[in-house]
Amino acid sequence: MIELLSNAIIHEKLNLLSNSWSRKDKFLICEYKFKNFIDALDFMNKIGEKCEAMDHHPKWTNVYNKIEVELFTHDSDGLTEKDFTLAKEMDNLFKNYE
């Protein structure tokens, strides 16, 4: 099991992510808005490959040009380093769509 992060560490790491991210209970949540559906789908496919490589899969939904993301580490039942690593990957890739 991966170690849960303390509230203080979570707060510090949240400050390193884009303003799109926030914390709700034991989850990191985010909404990305794209120019169109094709860009949103492309983003999901590219991040999906990273998720598979990390063995860390988000709960996410896509409606037209929006993707809503919810991250947490199921095995640990809370937020771990894996969540913030994946969130940072998402932020970095999203810069290509702005």
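## Starting at a lysine

Select K50 first: with a relative accessibility of 37%, K50 counts as partly exposed (buried means under 20% relative accessible area, exposed over 50%, partly exposed in between, using a 1.4 Å probe and protein chains only). Before going on, some housekeeping: this is a predicted model, where local features need pLDDT of at least 70 and side-chain atom pairs count only at pLDDT 80 or more, while totals for chains, interfaces and linings use all residues. Residues are numbered from 1 along each chain as its sequence is written, and side-chain values use heavy atoms, with hydrogens and water left out.

Helices (H or I, at least four residues) and strands (E, at least two) are DSSP runs, numbered from the N terminus. E89 is partly exposed too, at 28% relative accessibility.

How many salt bridges does the rule give? The count comes to 5. For another one, pick E81 and K13, whose closest N and O atoms are 3.1 Å apart. E81 sits in helix α3 and K13 in helix α1 (residues 7-14), so this pair ties together parts that are 68 residues apart in sequence. E81 is partly exposed, at 37% relative accessible area.

## Along helix α3

Stay on helix α3 and click D91; the helix covers residues 81-94.

Show the polar partners next. The D91 side chain reaches the backbone nitrogen of S18 at 2.7 Å, and it makes a polar contact with the side chain of W21 at 3.0 Å. A polar contact is a pair of N or O atoms within 3.5 Å; within protein, one must be able to donate a hydrogen and the other to accept it, and residues adjacent in sequence count only if both atoms are side-chain atoms. Leaving aside neighbours within four places in sequence, D91 is in contact (heavy atoms within 4.5 Å) with L17, S18, W21 and Y32.

## Over to the sheet

Switch to cartoon view and find the open sheet of 4 strands, in the order β1-β2-β4-β3 with antiparallel pairing (two strands pair if DSSP finds at least two bridges between them). The edge strands are β1 (21-24) and β3, each pairing on one side only.

Zoom in on β3 (residues 59-63) and β4 (residues 66-71), which run antiparallel and are joined by 5 bridges. They form a hairpin with 2 residues between them, and Y64 in the turn has a positive phi of about 50°. N62 stands opposite I67 in β4.

Last stop: K59, whose bridge partner in β4 is E70. The two also form a salt bridge, with the closest N and O atoms 4.0 Å apart. E70 lies in strand β4 and K59 in strand β3, so the pair ties together parts that are 11 residues apart in sequence. E70 is partly exposed at 23% relative accessibility, while K59 is exposed at 54%.

Terms used: Salt bridge = Lys/Arg side-chain N within 4 Å of Asp/Glu carboxyl O.
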